[in-house]
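Please keep the structure in view while reading.

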Amino acid sequence: MAHPARGGGQPSGYARAKRARARQLRTQSAQTTTATVPRWLSKYGMGAWYLIGMAIVIGIVVWATSQITMVFMAVFLALVGTAILFPVVRLLARFMPRAVATVIAILGSFALFGGLVFYVITSIQGEWDELTDRFSDGADQIIAFFENGPLPWHFSRQEITDALRNAVDEGTKYVQDNAASLASQVWANASTVALVFTVLALSLFVAICLLYSGEKMWLWFINLLPQQKRHNTHRAAMAGWLTFSGYARGTMIVALSDGLLAFFLLWILGIPLAAPLAVLVLIGAFIPLVGAPAAMVVAMVVALAADGPGKALAVGVGIALIGQFEGHVLQPLVMGKQVSLHPVVVAIGVAAGTFVAGLLGAVIAIPIIAVIWAVFRVLYHTDAPLDELPPLDVDALVEAIPAD
């Protein structure tokens, strides 16, 4: 008959007592070690380890994302399209099958975008002859300004012509000397175009799936989690999705408003290419901090070449006022409290995103930070916030500081 403590049947009372004694000794050892460490050091030491662990996780996520940048871009575009079109699909699904509503919403967005491009192209073609003449007159005004203007230095027409000719000659020589490398770059750009179409096709497919059965897909994922984790996971994810969708739809509305206001401004001032420049302002609204100023500079250059410095200054002031109207009226009104980030956070986030992933990082940094902050606010419960800083006796505090 096998002895219970050596592998047959249940452990004997002696074996259970031995294991309990071992656990007790380990607990006492841990308590003794903890007692020898100051409480503040233990607390902040554990906090430091938590921060290190979070930094490692974030670094792994950033590294993994950088390895599949195009896939991440496709998914991000799909999420943006889903956020914008989901209210339309939900409205149409009340009157027709959801699959038909999804197809109508997708085709309608394509028709809207195609109509916008067609309008821009036809407006350029319709204004081309007048634009050529006005640009010639504007160039003469600019040259006259540099020749006889109030600037402390002056350039003659011949000097400007020679500088332009030298620039063209240097550009031609560079192309001749680097023809082979430029040809390889053109071929690489051709493959990049194919890659862009692949990304767009993947994003379209993912957007269709999310619009048609996104809720069922999320339910399937929730059911994979343990029962006690499902509620908090769903709350946090919905908070993040509401923030992201609010940001996407709000940015679209703000961008369209900026484009329309810029179009009316340029049209009233009589600036050529008002429609294409308005589209450029619209696109610039999607790039935080730098997009709108870049579009303003391009519009000012066109106005300067077409109608001189006065119109260029008027365009710059007008687009700057549109930016102020966007920041102080449109942004709070459209987005509300869904994306409430301090301008310092926005600036640091855009800079960090630019350093990590270039222009793509600048575009996606703010929605990602907003989503993380929304999830954090849902999962992390804090005490009631202060309305103002607590009173402090500065003199008593100074006296309490020990002298050297």
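Which helix holds both F72 and F76, and how many residues apart are they? Both lie in helix α3, four residues apart, about one turn of the helix. Helices are DSSP runs of H or I with at least four residues, strands are runs of E with at least two, and both are numbered from the N terminus.

The model is predicted: local features need pLDDT of at least 70, side-chain atom pairs count only at pLDDT 80 or more, and totals for chains, interfaces and linings use all residues. Residues are numbered from 1 along each chain as its sequence is written, and side-chain values use heavy atoms, with hydrogens and water left out.

**Aromatic pairs**

A search of the whole structure finds six aromatic pairs. Rings of Phe, Tyr and Trp (its six-membered ring) pair if their centres lie within 6.5 Å; planes under 30 degrees apart are stacked, over 60 edge-to-face, and the rest tilted. Two of the pairs involve F76.

| Pair | Centre distance | Plane angle | Class |
|---|---|---|---|
| F72 and F76 | 6.4 Å | 25 degrees | stacked |
| F76 and F244 | 5.7 Å | 85 degrees | edge-to-face |

F76 lies in helix α3 and F244 in helix α8 (residues 227-269), so their pair ties together parts that are 168 residues apart in sequence. Ring pairs link F72, F76, W241 and F244 into a cluster.

Buried means under 20% relative accessible area, exposed over 50%, and partly exposed in between (1.4 Å probe, protein chains only). F72 is partly exposed at 26%. F76 is buried at 13%, and F244 is buried too.

**T82**

T82 also sits in helix α3 (residues 69-92). With 4% relative accessibility, T82 is buried. Beyond its neighbours within four places in sequence, T82 contacts A207, L210, L211 and W241. Contact means heavy atoms within 4.5 Å.

**The largest pocket**

The largest pocket holds about 2000 Å³ of space. A pocket is an open set of points on a 1 Å grid where a 1.4 Å probe fits, with protein on both sides within 12 Å along at least five of seven lines; lining residues have an atom within 4 Å of a point. Its lining has 48 residues, and V80, I84, F113, M252 and F286 lie nearest the centre. Helix α3 gives the largest share of this lining, eleven residues. Helices that each supply at least two lining residues include α4 (98-126), α7 (179-223) and α12 (343-379). By class, the lining has 42 nonpolar, six polar and no charged residues.

Notes: Grid points are joined across faces, edges and corners, and a volume is the space filled by probe spheres set on the points. Ala, Val, Leu, Ile, Met, Phe, Trp, Tyr, Cys and Pro count as nonpolar, Asp, Glu, Lys and Arg as charged, and the others, Gly among them, as polar.
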